[in-house]
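Me: I would like to go through this structure with you, a few points at a time. May I start with one residue and move on from there?

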Amino acid sequence: MESQEIEAEYLRNGLKMAIGDYLNHLLENGSYPDNLYHHMLQQMELPLFKQLMDHYDSNQSKVASRCGPNRNTVRKKMKLYNLINGSK
C-alpha cells in the first residue's frame with residue numbers, strides 16, 4: 001500500500017469513529033440538525049482551517065496552495081470562522 005493510501009485510510013478511520021460518535025450523540029439527544037450533510041462539513045472545516053493556519057503560521061497563501069481552494073476562498077472561510085480579522 002502506498003504512503004498516501006495509508007494516510008488516507010488513517011484519516012478515514014479517524015473520521016469514521018468521530019462521525020459515528022457524533023451521530024450516536026445526536027440520536028441519544030434526538031437533536032438532528034436540519035441539513036446534517038452541510039452541518040457536518042461546516043463542523044469539519046473549522047478545525048481543518050484552524051490547524052492549517054497554525055501549521056503555516058497564518059500564511060493564507062500557503063494554506064490555499066496546500067489545501068486546494070483559491071486564496072479568496074480561504075480568506076472568506078477564515079473570516080467566517082473568525083480566524084482572521086475581517087478588516088484585513
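Me: Where is the place of Phe-49?
Reply: Phe-49 sits in helix α2. Please keep in mind that the model is predicted.

Me: Is Phe-49 buried or exposed?
Reply: Phe-49 is buried, because its relative accessible area is 4%, and buried means under 20%.

Me: Which residues does Phe-49 touch, not counting those up to four places away in sequence?
Reply: The contacts of Phe-49 are Val-63, Cys-67, Val-74, Lys-77, Met-78 and Leu-83, with residues up to four places away in sequence left out. For Cys-67, which is 18 residues from Phe-49 along the chain, the C-alpha atoms of the two are separated by 8.9 Å.

Me: Let us turn to α4. Which of its residues are buried?
Reply: Helix α4 spans residues 71–80, and its buried residues are Val-74, Arg-75, Lys-77 and Met-78. These cover an arc of only 165 degrees around the axis, so they are on the same side of α4.

Me: And which residues are exposed on the other side of α4?
Reply: Asn-72, Lys-76 and Leu-80 are exposed there.

Me: What do the buried residues of α4 pack against?
Reply: They pack against α2, residues 36–55, and α3, residues 60–67. Val-74, Lys-77 and Met-78 of that buried set are also among the residues that Phe-49 touches.

Me: Which residue caps the N-terminal end of α4?
Reply: Asn-70 does, with a side-chain oxygen 3.0 Å from the backbone nitrogen of Asn-72.

Me: What follows α4?
Reply: Asn-82 follows α4, and its phi is positive, near 55 degrees. Asn-82 is a residue other than glycine. With a relative accessible area of 67%, Asn-82 is exposed.

Me: Which loop holds Asp-57, and what is its phi?
Reply: Asp-57 lies in the loop between α2 and α3. Its phi is positive, about 50 degrees, although Asp-57 is not a glycine. Asp-57 counts as exposed because its relative accessibility is 69%, and exposed means over 50%.

Me: Which residues line the largest pocket, then?
Reply: The lining is made up of Leu-11, Leu-15, Leu-41, Met-44, Glu-45 and Leu-48. By class, five are nonpolar, none is polar and one is charged.

Me: With which side chain does the side chain of Glu-45 make a polar contact?
Reply: The partner is the side chain of Tyr-81, at 2.5 Å.

Me: And which residues is Glu-45 in contact with, leaving aside neighbours within four places in sequence?
Reply: Glu-45 is in contact with Lys-77 and Tyr-81, once those neighbours are left aside. Lys-77 is one of the buried residues of α4, and Phe-49 touches Lys-77 as well.

Terms used. Residues numbered from 1 in each chain as written. Predicted model: local features only at pLDDT ≥ 70, side-chain atom pairs only at ≥ 80, totals over all residues. Heavy atoms only, no water. Buried < 20%, exposed > 50% of the residue type's maximum accessible area, 1.4 Å probe, protein only. Helix = DSSP H or I, 4+ residues; strand = E, 2+ residues; numbered from the N terminus. Arc of directions from axis to C-beta. Contact = heavy atoms within 4.5 Å. Polar contact = N/O pair within 3.5 Å; in protein donor to acceptor, adjacent residues only side chain to side chain. 1 Å grid on protein atoms, 1.4 Å probe; cavity = no way out; pocket = protein on both sides within 12 Å on 5 of 7 lines; lining within 4 Å. Nonpolar A, V, L, I, M, F, W, Y, C, P; charged D, E, K, R; others polar.
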